[in-house]
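Reader: I would like to learn how to read aromatic pairs and the strands around them. Please show me the structure, then take me through it.

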Amino acid sequence: RFTCIMYRDAVILAIVLVLGIVYLSSGPSDHSTQNATSVRATQKLTFDRSPEAQASRKEIIEGLITEGVFYKIDKISKYAHVFVGREWNGLPFDSKSDIIGVVLAYYLRENPGARMVILYDYRSGENIGSFTAERGLSIK
């Protein structure tokens, strides 16, 4: 369990410091409408499209699957379908948003039209939320 926490912290640090996936480049957003389950922000998604950054994103995603944060990721349509695993619920909301931002950047590099990630519970298969560059993370 301790190793999982250390790994999770390292992944979050890597996301924030190394990749710099999402930059807020627009004017101020309306923070009065934000709550613990939904973030609405005007964001412009910019990210490093280099092969090295893509390889780093892939490694992070694979690590998150290994550690149980994600159960699996399917690319059924142009959008990524992420089945969140047993460790997902223990993460803070901001960390969840950062991690899903990595998934979005990975699939956007492959398909520029894939501007959404759809989230599912791995046990029930129920849709539990989504992430878009425009609206951020929304969890039901």
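**Aromatic pairs and a sheet**

Author: Four aromatic pairs are counted here, where rings of Phe, Tyr and Trp (its six-membered ring) pair if their centres lie within 6.5 Å. This is a predicted model, in which local features need pLDDT of at least 70, side-chain atom pairs count only at pLDDT 80 or more, and totals for chains, interfaces and linings use all residues. Residues are numbered from 1 along each chain as its sequence is written, and side-chain values use heavy atoms, with hydrogens and water left out.

Reader: How is the pair of Phe83 and Tyr120 arranged?

Author: A pair of aromatic rings is described by the distance of the centres and the angle of the planes. Planes under 30 degrees apart count as stacked, over 60 as edge-to-face and the rest as tilted. Phe83 and Tyr120 are stacked, at 5.0 Å centre to centre with 20° between the planes. Phe83 belongs to strand β2 and Tyr120 to strand β3 (residues 116-121), so the pair ties together parts 37 residues apart in sequence. Strands are DSSP runs of E, at least two residues, numbered from the N terminus.

Reader: Are Phe83 and Tyr120 buried or exposed?

Author: Buried means under 20% relative accessible area, exposed over 50%, partly exposed in between (1.4 Å probe, protein chains only). Both Phe83 and Tyr120 are buried.

Reader: Which residue lies over the face of Phe83?

Author: A charge sits over a ring if NZ of Lys or CZ of Arg is within 6 Å of the ring centre and within 35 degrees of the ring normal. Lys72 lies over the face of Phe83, 4.9 Å from the ring centre. Phe83 in β2 is also the bridge partner of Lys72.

Technical notes:
Pairing = 2+ DSSP bridges. Helix = DSSP H or I, 4+ residues; strand = E, 2+ residues; numbered from the N terminus.
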